[in-house]
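Look at the sequence and the 3D structure below, and keep both in view while reading. The paragraphs after them go through a few places in turn.

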Amino acid sequence: MSSHFYSPVVDQLVPYVAGEQPKLDKLVKLNTNENPYPPSPRVVAAITQAAQQGLQLYPDPESSALRQVIAAHLGLAEQHVFLGNGSDEVLAHAFFAFFQQGLPLLMPDVSYSFYKVYCGLYGITAKTVPLADDLSLNVSDYAVAPSQSVAGVVIANPNAPTGMGLPLADIERLLDMHPQCVVLVDEAYVDFGGESAVGLIARYPNLLVVHTLSKSRSLAGLRIGYACGQTHLIDALTRVKNSFNSYPLDRLAIAGGVAAFEDKAYFEQTRQQVMGSREGLVLALEDMGFVVLPSQANFVFARHPVHDAAGLAAGLRARGVLVRHFKLPRIDQYLRISVGTPEQCDALVQALSSLL
């Protein structure tokens, strides 16, 4: 159909491209950073029970039961937690609420590519700050002259796709540099070894921390994300939500999310398994000559000094193993490899060995 029906902004959009979700069976799927382990059995039981009662009714528009559980887990009050359909929706609301000021938004040049998509959608100017040569983030690079103003700062910590994390001291420096605007810290992978900034919320009115249940709680298919911040930030997000979709989480998601937080033992067990597999995978890759960046996430970012990354990704796919390759400047020779089960990691290593 002709694009002359489009509004001008839609015609110029460059949408986000998600990782491949193949329909083929028996693939070793290490390309989209999903948790290799299923959710807690208590999650499945809670969803089953919720499906048997009340689906003819709208869900609680405030998702209060889940907000209360998350707040208790983090040591916050309920009014400091905002919920949405996955952290991507939460991020979209945050970009709309805080960064449409006609000023540049600071973000790393190598980071989650959805940030630039939101900028295109909302007419925000993205000002990228280059990572160092080793792809680490230097907070000092985010300082601006007193005569300059910015709309805000967005970083992922640990960063994606590098997996590298910042200590809390660096996050505090960033907050102190920009007291007049929101600093959004996207902590999608923080449970795999990073340091969360949630404990700084009481001291910093400009801090918004975003989390997801897709990674460490094995609920990528359920779509639950949340933001934490002082009340004025949560109120702004709620105003946007209620102008867009006043019932963001359905009854099944609320029930499953509550159960996921209540089963603390299962969460701890599976995240430790992922971190253990990550360390073993790093050693195996280094033994094959790969350079692997230090990771605090459920994936590793690796390059081989001799073999082309695109060729390796294609060769792995032909052997039934999917990894993510980004055809982007500075990182086109890296592979992002999600940490799988020990068996999946072994399959990856065997496939790589045959290629090398």
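Is E34 buried, partly exposed or exposed? This is a predicted model, and in it E34 has a relative accessible area of 28%. Buried means under 20% and exposed means over 50%, with partly exposed in between, so E34 is partly exposed. Its salt-bridge partner is K29, and the closest N and O atoms of the two are 2.7 Å apart. K29 is partly exposed as well, with a relative accessible area of 23%.

Side chains of opposite charge can pair when their charged atoms come close. The structure holds nine salt bridges, one of them between E78 and R67, where the closest N and O atoms are 3.8 Å apart. R67 belongs to helix α3, whereas E78 sits in the loop between α3 and β2, so this pair ties together parts that are 11 residues apart in sequence. R67 is buried, with a relative accessible area of 12%, while E78 is partly exposed at 23%.

Another salt bridge lies within a helix. R173 and D170 both belong to helix α6, three residues apart, about one turn of the helix. Their side chains meet at 3.6 Å, N to O. D170 counts as buried at 18% relative accessibility, while R173 is partly exposed at 36%. Elsewhere, salt bridges that share partners join E62, R67 and E78 into one network.

Helix α6 covers residues 168–177, and its buried residues are D170, I171, L174 and L175. Seen down the axis of the helix, these buried residues fall within an arc of 140°, so they line one face of α6. What do they pack against? The buried residues of α6 pack against the strands β5, β6 and β7.

Strand β2, residues 81–84, is covered on both faces. In a regular strand the side chains alternate between the two faces of the sheet. Here V81 and L83 are on one side, F82 and G84 are on the other, and all four are buried. β2 pairs with β8 in the antiparallel sense over four bridges, and the bridge partner of V81 in β8 is C228.

The loop between β7 and β8 contains R217. Which side chain of opposite charge is nearest to R217? It is D191, at 4.9 Å. A salt bridge needs the nitrogen and the oxygen to be within 4 Å, and R217, although buried, has no salt bridge. The side chain of R217 does have a polar contact of 3.4 Å with that of H73. Leaving out residues up to four places away in sequence, R217 touches P39, H73, A260, F261 and F267.

The last stop is D109, in the loop between β3 and α5. D109 is partly exposed, at 23% relative accessibility. Apart from its neighbours within four places in sequence, D109 is in contact with K116, T128, V129, P130, L131 and R330. Two of these contacts can be described further. With R330, the side chain of D109 makes a polar contact of 2.8 Å. In the case of L131, the backbone nitrogen lies 2.8 Å from a polar atom of the D109 side chain. From D109 to A169 the separation is 60 residues in sequence and 22 Å in space, C-alpha to C-alpha.

Definitions and conventions:
Residues are numbered from 1 along each chain as its sequence is written. This is a predicted model: local features need pLDDT of at least 70, side-chain atom pairs count only at pLDDT 80 or more; totals for chains, interfaces and linings use all residues. Side-chain values use heavy atoms; hydrogens and water are left out. Buried means under 20% relative accessible area, exposed over 50%, partly exposed in between (1.4 Å probe, protein chains only). Helices (H or I, at least four residues) and strands (E, at least two) are DSSP runs, numbered from the N terminus. The arc is that of the directions from the helix axis to the C-beta atoms. Contact means heavy atoms within 4.5 Å. Lys and Arg count as positive and Asp and Glu as negative; His and the chain ends are not counted. A polar contact is a pair of N or O atoms within 3.5 Å; within protein, one must be able to donate a hydrogen and the other to accept it, and residues adjacent in sequence count only if both atoms are side-chain atoms. Two strands pair if DSSP finds at least two bridges between them.
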